[in-house]
Amino acid sequence: MNKISSRMAAVLPSASSAASARARELKAAGRDIINLSVGEPDFDTPEHVIRAASEAMSAGKTRYTNVDGTPELKAAVIRKFKDENGLDFAANQIVVGTGAKQVIFNVLLATLDAGDEVIIPAPHWVSYPDMVRIAEGTPVVVECRAEDGFKLSAATLKAAITEKTRWLVINSPCNPTGAVYGEADLRALADVLLEHPQVGILSDDIYEHVVFGETSFHSIAAVEPRLLERTVAVNGVSKAYCMTGWRLGYGGGPAEVMREVRKLQSQSTSCASSISQAGALAALEGPQDHLESHRAVYRRRRDLVLPKLVEAGLTCEAPEGAFYILAGCHDFLGKTSAAGTKIEDDADFTRVILEEGEVAMVPGTAFGAPGYVRLSFAVDDARLMEAASRIAKICSALR
Ligand code: PLP
């Protein structure tokens with residue numbers, strides 16, 4: 001039997017991947033499952049992006065590229081950061097990787113030693129704590145209250161910082177809460193961070209373009225330029241350009257950090273796919289009008305489904321960005337389903353809704369939000385409304 005490292009013993013598989021896998025399994029067995037567990041747009045990749053990738057293949061761009069990305073894509077990323085986010089990066093500060101996920105992972109692996117702390121505001125994306133653990137750091141999960149819009153306050157940040165803090169993760173718009181940090185929120189956090197020069201900022205901006213207008217997207221390093229020298233801004237084409245399967249993300253940050261990220265990549269993946277890079281170049285440089293039309297569709301779906309969930313007895317607020325609703329199932333804990341399953345926690349609730357109602361969601365515990373479930377509204381209107389009816393039917397049968 002092969003030995004498994006002690007490093008991996010503390011790591012959990014991604015809960016959202018596990019929920020999606022279970023939904024696919026039931027679907028394959030013939031069940032009519034509506035899958036609200038996945039974190040991806042249901043729109044197709046824009047046609048001009050597909051064409052650019054196809055042309056790249058025909059033109060022989062099928063070989064390894066530079067480890068940190070093609071010069072053309074890196075130039076486009078530099079322009080994007082400058083024009084859209086007000087961030088100035090030079091070419092040696094940019095790395096293109098296999099998804100934002102890999103860039104975040106590499107930054108943590110390149111910078112953490114055992115015992116180094118990473119502040120993760122909760123509810124949080126499922127992967128941050130486990131990535132920190134793989135890098136042998138210590139995740140410091142800090143609870144952000146529903147009353148505060150699930151946003152980290154300056155006082156909570158201040159209380160969480162120690163001499164060992166290496167990073168603060170900011171994810172705005174946030175998966176799973178949809179919280180968007182406005183300029184004033186970021187200003188307040190920046191004032192605390194200015195007092196603690198040992199703390200870097202890992203800004204996961206992957207949902208930047210999915211904001212519904214109440215609060216617009218800002219990068220903390222643009223709000224406080226003195227933080228730029230210790231901020232890594234991470235982004236990618238998965239969500240904005242409907243390219244989750246292309247696996248293409250990028251980061252801009254301090255040259256010494258990005259040099260190590262580049263080194264890691266040179267010893268692991270070599271580079272992101274040359275074909276995906278050609279597609280990403282077309283995405284960043286091409287027409288952007290789909291961003292507004294997709295936003296409008298997401299907003300409409302949010303407004304369609306939210307009242308139905310509230311009516312069903314779930315507790316939820318309208319998310320300001322991303323395409324998820326974090327819904328509280330507190331009122332159903334302690335109840336029993338029609339098929340006789342006792343609901344002790346959010347995992348049980350999710351299981352009952354899946355097995356008896358054929359709707360897949362992800363338990364909130366995986367996001368540091370026990371008592372909640374996360375559902376995606378990146379699903380067509382009819383299926384979304386059908387899912388809401390099924391959830392309501394199961395909830396009304398709980399005793
Ligand atoms: N960050 C957050 C908050 C996400 O929700 C996701 C994907 O679900 C990612 C990063 C990963 O994005 P990518 O597909 O670019 O790896």
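Biologist: Over residues 32-391, what are the helix and strand percentages, and how far apart are the end C-alpha atoms?
Modeller: This is a predicted model, so to speak of local features pLDDT must be at least 70, side-chain atom pairs count only at pLDDT 80 or more, and totals for chains, interfaces and linings use all residues. Residues are numbered from 1 along each chain as its sequence is written. Helices (H or I, at least four residues) and strands (E, at least two) are DSSP runs, numbered from the N terminus. Residues 32-391 are 39% helix and 15% strand, and the end C-alpha atoms are separated by 14 Å.

Biologist: Which UniProt annotation covers residues 32-391?
Modeller: UniProt positions are given in the numbering used here, feature names are shortened, and annotations may be inferred rather than shown by experiment. The entry is unreviewed, and its annotation for residues 32-391 reads "domain: Aminotransferase class I/classII large".

Biologist: Of the residues around the ligand, which come nearest?
Modeller: A residue is near a molecule if its C-beta atom, placed from the backbone, lies within 6 Å of it. The shell divides into 3 nonpolar, 8 polar and 2 charged residues, where Ala, Val, Leu, Ile, Met, Phe, Trp, Tyr, Cys and Pro count as nonpolar, Asp, Glu, Lys and Arg as charged, and the others, Gly among them, as polar. Of the 13 residues around the ligand, the nearest are Gly99, Ala100, Lys101, Gly236 and Ser238.

Biologist: What is the end-to-end C-alpha distance of helix α14?
Modeller: The expected span of a helix is 1.5 Å times one less than its number of residues. For the 16 residues of α14 (residues 381-396) that gives 22 Å, which agrees with the distance between its end C-alpha atoms, 22 Å.

Biologist: Which residues of α14 are buried, and what arc do they cover?
Modeller: A residue is buried if 20 or more other C-beta atoms lie within 10 Å of its own, exposed if 12 or fewer, and partly exposed in between, with C-beta atoms placed from the backbone. In α14 the buried residues are Leu384, Ala387, Ala388, Ile391, Ile394 and Cys395. They lie on the same side of α14 because their arc, taken from the directions from the helix axis to the C-beta atoms, is only 130°.

Biologist: Which exposed residues does the face of α14 turned away from its buried side carry?
Modeller: The cover over the buried residues of α14 includes β1 (34-35), α12 (289-312), α13 (346-357) and β10 (359-360). The face turned away from that buried side carries Ala382 and Ser396.

Biologist: Is Cys242 buried or exposed, and which residues does Cys242 touch?
Modeller: Cys242 is in the loop between β7 (231-236) and β8 (249-252), and its phi is near 55°, positive in a residue other than glycine. It counts as buried because Cys242 has 21 C-beta neighbours inside 10 Å. Contact means C-beta atoms, placed from the backbone, within 7 Å. Not counting residues up to four places away in sequence, Cys242 touches Pro41, Phe43, Asp44 and Thr45.

Terms used: Two residues are in contact if their C-beta atoms, placed from the backbone, lie within 7 Å.
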